[in-house]
Amino acid sequence: MPIIKEERLNSYNATNFKFDSVKDEVAGGMKEDWKRDKIDDAKKRAITTTATYDEFKSRVAGCMLKPIHKNEFNAPPKFAYNRQVEDRGYRKAAPDVVPAAVVQRVKSSSSSGPAIRNARELDRELRKRGTAQEKVALIVEHLGSPEDVQRFFGRELDAEVFRQLLVALDEAGRSAAPPGTARRLLTDVAERCPSSASQVAAFFTAEERGLVARLLARDEADPEDPEVVRICASLGLTTATLTAAAAEVQRQAETSPVHAAADPGSAENLEIGR
């Protein structure tokens, strides 16, 4: 019978007992058990699906890697600073004294807005905007013409960046942008960037398609309009989805208190008219 080698148990000593060391020992044991089970499962799955030994080794070696979701490619960093700096006892260097003239020149140059040259810089600037109103202002400033849309999205359009732009237009409402901003952006993408639009449509789910339909319905888009038909064909929308979104927007407008107050046929307005 083979003898299994095991680690020796640490004897309990009340005088030298420390809870932190026991806690670290238990955590290390749990991690080793998890690692062993993970590797064992990977070997059992890979033995029946791999064709070569090199592929088998790669599958087993990467079994503990965390999968990356499509939304994490352009997600902002989870840590805004280096935590290891304070732990190692490094001190922050004293800030240099900047002349007041230089500070004033920098403020005056940045007040006019950053010069965004490509889609990557647009994505970086979009991450800096915290609210939906600020993101909509970015659309109005830098995506205000078909030429700008083609310059940013003509070669490639990231699906996550486009989704964030649509969500910002939806959350900000009509008061944050001129009327027809969402329809104009969708039209420019569909007409000036057809290949990018088709690539984005491949990543769209029912939620994103409903979002596009809701934005078009808010701008009172006609499903029979050739411009709207082009948008729906480029982004994978159907006429039924757009019609349902228009009906939902109409129902919300009728039940909103603002619509009831402005309705000339309401009971209060009739009473005032008498």
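Me: Helices here are DSSP runs of H or I, at least four residues long, numbered from the N terminus. On that basis, which helix supplies the largest share of the lining of the largest pocket?

Reply: Helix α5 does, with 5 residues. Its run covers 119-128. The model is a predicted one.

Me: What makes a residue part of that lining, and how many residues line the largest pocket?

Reply: A lining residue has an atom within 4 Å of a pocket point. In the largest pocket, 17 residues pass. Nearest its centre lie Asn118, Ala119, Arg120, Phe152 and Glu156. Besides α5, helix α7 (146-153) supplies at least two lining residues. The space comes to about 430 Å³.

Me: How do you know what classes of residue line the largest pocket?

Reply: Asp, Glu, Lys and Arg count as charged, and Gly falls among the polar residues. Sorted that way, the lining has 8 charged, 5 nonpolar and 4 polar residues.

Me: What does the second largest pocket look like in the same terms?

Reply: Its space is about 360 Å³. It has 16 lining residues, with Lys70, Asp158, Ala159, Glu160 and Phe203 closest to the centre. Helices α8 and α10 (194-203) each give at least two of the lining residues. By class, the lining splits into 6 nonpolar, 6 charged and 4 polar.

Me: Why does Asp170 get the label it has?

Reply: Asp170 is at 16%, therefore it is buried. The limit is again 20%. Asp170 belongs to helix α8. Not counting residues up to four places away, it touches Leu211, Arg214, Leu215 and Arg218.

Me: What makes a set of residues a nonpolar core, and which members of the largest one touch the most others?

Reply: Members must be buried, of the listed kinds such as Leu and Phe, and joined through side-chain atoms within 4.5 Å. The largest core has 44 residues. Leu143, Phe153, Phe162 and Leu235 touch the most other members. Helix α8 (residues 159-172) gives this core its largest share, 7 residues. Nonpolar side chains tend to be buried together in soluble globular proteins.

Me: What does Phe153 contact away from its sequence neighbours?

Reply: A contact needs heavy atoms within 4.5 Å. Outside four places in sequence, Phe153 meets that with Leu122, Leu143, Leu165, Val189, Cys193 and Ser196.

Me: How many helices and strands does the protein chain have, and what share of it is buried?

Reply: The count is 15 helices and 0 strands. Of 274 residues, 26% are buried. Among contacts with a separation of 6 or more, 70% join residues 24 or more positions apart. The chain exposes about 20400 Å², and carbon and sulfur atoms supply 54% of that area.

Conventions. Residues numbered from 1 in each chain as written. Predicted model: local features only at pLDDT ≥ 70, side-chain atom pairs only at ≥ 80, totals over all residues. Heavy atoms only, no water. Buried < 20%, exposed > 50% of the residue type's maximum accessible area, 1.4 Å probe, protein only. 1 Å grid on protein atoms, 1.4 Å probe; cavity = no way out; pocket = protein on both sides within 12 Å on 5 of 7 lines; lining within 4 Å. Points joined across faces, edges and corners; volume = space filled by probe spheres on them. Areas by Shrake-Rupley, 256 points an atom, 1.4 Å probe, with all protein chains shown as cover.
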